[in-house]
Amino acid sequence: MSSAFDRAVEWVRQQASAGKGLPSIAKEMPEFRDEHFTVNRVVLLEPIMVGYADPKASIQLTDGLFRAVTRVAKMHGFEAVQTSNGIAVRSGDRNVAFVTQEGVFSSDRKLFEDLVEAVRTQPVDAPVKDSWLDSIVQLTSKYGVDLIFMALLFFLLPTTLAAISLAATPSLWFPYPVNVGVAAALLLISVYVFRKYLAENRPKR
């Protein structure tokens with residue numbers, strides 16, 4: 001539960017009750033923190049919509065993030081709509097939350113928490129370096145975790161296990177070098193199919 005969100009909303013409500021307008025409130029707004037969340041921006045007064053913004057955040061507005069935001073929106077009885085500035089969560093014609101490149105904003109605490117978690121769990125862009133881990137990070141960012149998981153499950157995992165079994169188990173009919181060659185061929189074929197699958201199913205941005 002985000003106490004930072006509730007404290008921020010209460011502070012904004014007090015400032016509005018004192019007759020201050022949105023520009024003045026936004027300029028004077030302090031930062032509210034709790035164990036898990038930070039709230040530092042107000043974007044609307046009717047309804048009061050607050051959230052966290054950081055110009056350096058550079059949230060990637062990918063198809064994967066849109067699907068994640070859509071799931072969160074439906075869970076709360078709303079709908080998600082892509083806009084020129086990001087993703088809006090709407091209740092009918094009224095906006096109740098936003099996800100932009102700079103941050104997440106909402107008029108509801110639980111919705112804010114769920115949207116922040118959706119953003120946090122999305123893969124991020126990373127330069128490909130000479131390591132398997134960095135390559136995986138780049139790959140999941142480019143194609144989406146769900147697509148990578150399905151491809152690994154159905155293409156790479158079975159053939160990799162079969163190749164390991166062939167290479168590790170002596171054969172009664174074939175010499176060991178033949179087993180190794182067949183194992184290598186299986187791996188090469190599975191990698192080719194894996195890449196082909198990703199190329200044909202890559203999400204469009």
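The protein contains 7 helices and 8 strands, where helices (H or I, at least four residues) and strands (E, at least two) are DSSP runs numbered from the N terminus. The model is predicted: local features need pLDDT of at least 70 and side-chain atom pairs count only at pLDDT 80 or more, whereas totals for chains, interfaces and linings use all residues. Residues are numbered from 1 along each chain as its sequence is written, and side-chain values use heavy atoms, with hydrogens and water left out.

**Burial, contacts and surface**

- Of the 205 residues, 33% count as buried; buried means under 20% relative accessible area, exposed over 50%, and partly exposed in between (1.4 Å probe, protein chains only).
- Among contacts (heavy atoms within 4.5 Å) between residues at least 6 apart in sequence, 53% join residues at least 24 apart.
- The protein exposes about 12600 Å², and carbon and sulfur atoms supply 59% of that area; accessible areas come from the Shrake-Rupley method with a 1.4 Å probe, and for residues only the protein chains shown count as cover.

**Aromatic pairs**

- The count comes to 3 aromatic pairs, under a rule by which rings of Phe, Tyr and Trp (its six-membered ring) pair if their centres lie within 6.5 Å; planes under 30 degrees apart count as stacked, over 60 as edge-to-face and the rest as tilted.
- Trp 11 and Phe 32 form a tilted pair, with 6.4 Å centre to centre and 55° between the planes.
- This pair links distant parts of the chain, since Trp 11 lies in helix 1 (residues 3–17) and Phe 32 in strand 1 (residues 32–33), 21 residues apart; both Trp 11 and Phe 32 are buried.
- Phe 37 and Phe 112 form a tilted aromatic pair, at 5.9 Å centre to centre and 55° between the planes.
- Here too distant parts of the chain are linked: Phe 37 is in the loop between strand 1 and strand 2 (38–39), and Phe 112 is in helix 4 (residues 109–120), 75 residues apart.

- Strand 3 (residues 41–45) and strand 4 (residues 48–53) run antiparallel and are joined by 4 bridges; two strands pair if DSSP finds at least two bridges between them.
- Val 42 has Val 50 in strand 4 as its bridge partner.
- Strand 3 and strand 4 form a hairpin with 2 residues between them.
- Pro 47 is found in the loop between these two strands, and the peptide bond from Glu 46 to Pro 47 is cis, with omega near 0°.
- Most peptide bonds are trans.
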